[in-house]
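Reader: Could you walk me through how to read a structure like this one? I would like the general idea each time, and then the case at hand.

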Amino acid sequence: MAQVAIRNVVKAFEAVRVIHGVSVDIADGEFVVLVGPSGCGKSTLLRMVAGLESVTSGAIAIGDKVVNHLSPAERDIAMVFQNYALYPHKTVRQNMAFALKLRRIDKAEINHRVARAAEILGLTPYLDRYPRQLSGGQRQRVAMGRAIVRNPQVFLFDEPLSNLDAKLRVQMRTEIKELHQRLQTTTIYVTHDQVEAMTMADKIVVLQEGRIEQIGAPLDLYDRPVNTFVAGFIGSPAMNMLDGVVDGVGVRVSGALLPAPADAHRNSGRRVVYGVRPEHLELADDGFEARIAVVEPTGSETMVFLRFGEAEIVALFRERHDFRPGATIRIKPRGANVHLFDAGSGARLGVSRRSEEGAEAC
Amino acid sequence: MAGSETGFLARVRPDLALKHGVLGVAVLIALAPTVFMVLTSLKSEEEYTFNKVGPPAAPVLDHYRSVLFASDFFAWMGNSLVLAAGAVALSTAVSCLGAYAIARMQFAGRGLLFSVSTSLMAVPPVVMIVPLFVLYAQLDLISTYHGAILIYAGLITPFSVYLLTTFFRTIPRELFESARIDGAGDLRILVRIVLPLSLPALLTLVVVNALYVWNDLLIAIIFLQDDAKRTLMAGISVFQGRYGDQIPLTMAGMVFASAPMVILYIAFQKHYISGLMAGSIK
């Protein structure tokens, strides 16, 4: 196990820069998720850590060693690919043993390690099968087994659950998390799915267009997104974002004066984006008026799509109400759960934890 | 009973019938020369003069006996085997290395190399005969096994590189990357991962290339002039010259000559495992 340091890493494919000086520190044993929309550079960054892509400038260190010029095999990492990349002509056992054989580890030790990994992953009955004889979830486990037997410094996962159906994905998510808690191996995990990121990570790195938008613990990102991109990306359904102007102690949106954080008055007159999460809206007699467009009950909660002036708002209620499309309700944000962002730059206004952490510079 | 009859009628679908009809005609056309060869080889010289196409009235095996015992049949066959095996082995080894590099390694001129190699497929061997002959005469390579093997290997390699490159490219990139992370170098990836997965393509190549060398007459006649180095095809073709127009005898020789290739083909047929790649990804 080892810490991983990514320092000012740049990746360019000929003239096109796809990663613009990214720095991330990953502590020993940490589970870090790189998340972002497709094309944000998260997979490229992971592949650079793996040694499958060269580093244009900057440094990547595993443990205390800069690995920029080491081959993938010399980096002591193991990688799980989106499509598993199992060797189709080798059995499960041979797939797991291949890397160990290449390292000339003796046979008894190989057998021991394969047996142990198979037991952890519940693959013992399938050791002599070929990948084509396994289900998607089992293949995924073999891919993980292949990583485990090597006992590497770092696990790298490249969207490992994308090929699985929704139910299996949730199950494997838990299994990977459990595995990490058991082995405590430093892990870098790439996904485009913010739910995966939120549920699995110790630390999330949100990337967009080759730049880091924010680094932090899942709930930090949820509670205090540093800009409109992170605010919109983390959380499902996404945060409501309304254009408004700070007006004294509130924010004027579509003619209504909405409650604002206590320090908002310092920005009076400023054009802002007013952000409130769907689950932080509640019915209130002193709230603003919105017309119900669509009601989507799921049983555990009800999602309501509302029209508020020009804007569309989503509200999420855990309690059941008798909502009718076309009716008008009064809602307001619960407590101080409101986020203000600069209308131009999209950056969060007011004191944020960002300045305390200082890790978001990019 | 009536039910089963309508069931049968319902099963005869016009589109399938048409497909099968077309395929049936194609099979007949493809098999006609073989049938002609076998039937003719069983006719006596006399019968062949008045019965060219029909089945033999009184089948005889004399021609087979003549081919086996009154000619250098076994020596010729040995020569053909040496040439086919040598050329196929050499060409396959070279093509695997070349195709791997073209398919999976980054280097300047990769595309150009592939284009040049592929375009060589279009060059007819005949145009190379004269310069090659002059060169071989100077190098003292006429009527040598290794000289002929070199020419054959050269002629069949462009197609082999083309086929293998195309095939290697279909192997998912992640398998190469995974093997690299596991600690395998290029040569090991080729031997341990790529070649086992390319078995269908490799066997196809062996059959096609062996067939080409086995059936070739042009190179064999020009570059292997020594009687002791004559190939089977060259040997059989001289039946005609030496004994006048002995078509049935030639056909008997052809039956023997085709046998190894038919056996090779049938033997490898079962190795064309469909879905060998299944399960590697997704």
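Author: Let's start inside, with one residue: not counting residues up to four places away in sequence, Leu156(A) touches Leu46(A), Val49(A), Ala50(A), Ile77(A), Met79(A) and Ile188(A). Please keep in mind that this is a predicted model.

Reader: Now to sheets. How do I read a strand order?

Author: Strands of a sheet pair through backbone hydrogen bonds, either parallel or antiparallel. In chain A, one open sheet of four strands has the order 17-16-15-18, with antiparallel pairing. Strand 17 (311-317) and strand 18 (328-333) of chain A each have a single partner strand, so one side of each is left without a neighbour in the sheet. From one strand to the next, the twist averages 50 degrees.

Reader: Over how many bridges do strand 15 and strand 18 of chain A pair?

Author: Strand 15 (residues 281-297) and strand 18 of chain A pair over seven bridges, in the antiparallel sense. To find a spot to look at, take Arg291(A), whose bridge partner in strand 18 of chain A is Thr328(A).

Reader: Why is strand 9 of chain A largely enclosed by the rest of the structure?

Author: Strand 9 of chain A (residues 203-208) is largely enclosed because five of its six residues are buried. Four bridges join strand 9 to strand 3 (residues 31-35) of chain A, and these two run parallel. Val35(A) stands opposite Val206(A) in strand 9 of chain A. Strand 9 is also joined by five bridges to strand 10 (residues 211-216) of chain A, running antiparallel. There, Gln208(A) has Arg211(A) in strand 10 of chain A as its bridge partner. The hairpin of strands 9 and 10 of chain A has two residues between the strands, and Glu209(A) takes a positive phi near 45 degrees.

Reader: How many residues of chain B are in contact with chain A?

Author: 20 residues of chain B are in contact with 23 residues of chain A. On the chain B side, helix 9 (173-182) and helix 10 (186-197) each supply at least two residues. Helix 9 of chain B has the largest share, seven residues. By class, the side of chain B that touches chain A has 11 nonpolar, four polar and five charged residues.

Reader: And how is chain B divided into domains?

Author: Chain B is divided into domain 1 (9-64) and domain 2 (71-269). Their centres, taken over C-alpha atoms, are separated by 31 Å. The contact takes nine residues from domain 1 of chain B and eight residues from domain 2 of chain B. On the domain 1 side, helix 2 of chain B gives the most, with four residues.

Terms used: Residues are numbered from 1 along each chain as its sequence is written. Chains are lettered from A and ligands numbered from 1 in the order in which they are written. This is a predicted model: local features need pLDDT of at least 70, side-chain atom pairs count only at pLDDT 80 or more; totals for chains, interfaces and linings use all residues. Two strands pair if DSSP finds at least two bridges between them. Axes are lines fitted to C-alpha atoms, for helices over the stretch in contact, and angles run from 0 to 180 degrees between N-to-C directions. Two residues are in contact if their C-beta atoms, placed from the backbone, lie within 7 Å. Ala, Val, Leu, Ile, Met, Phe, Trp, Tyr, Cys and Pro count as nonpolar, Asp, Glu, Lys and Arg as charged, and the others, Gly among them, as polar. Domain bounds come from an automatic or database domain assignment. A residue is buried if 20 or more other C-beta atoms lie within 10 Å of its own, exposed if 12 or fewer, and partly exposed in between; C-beta atoms are placed from the backbone.
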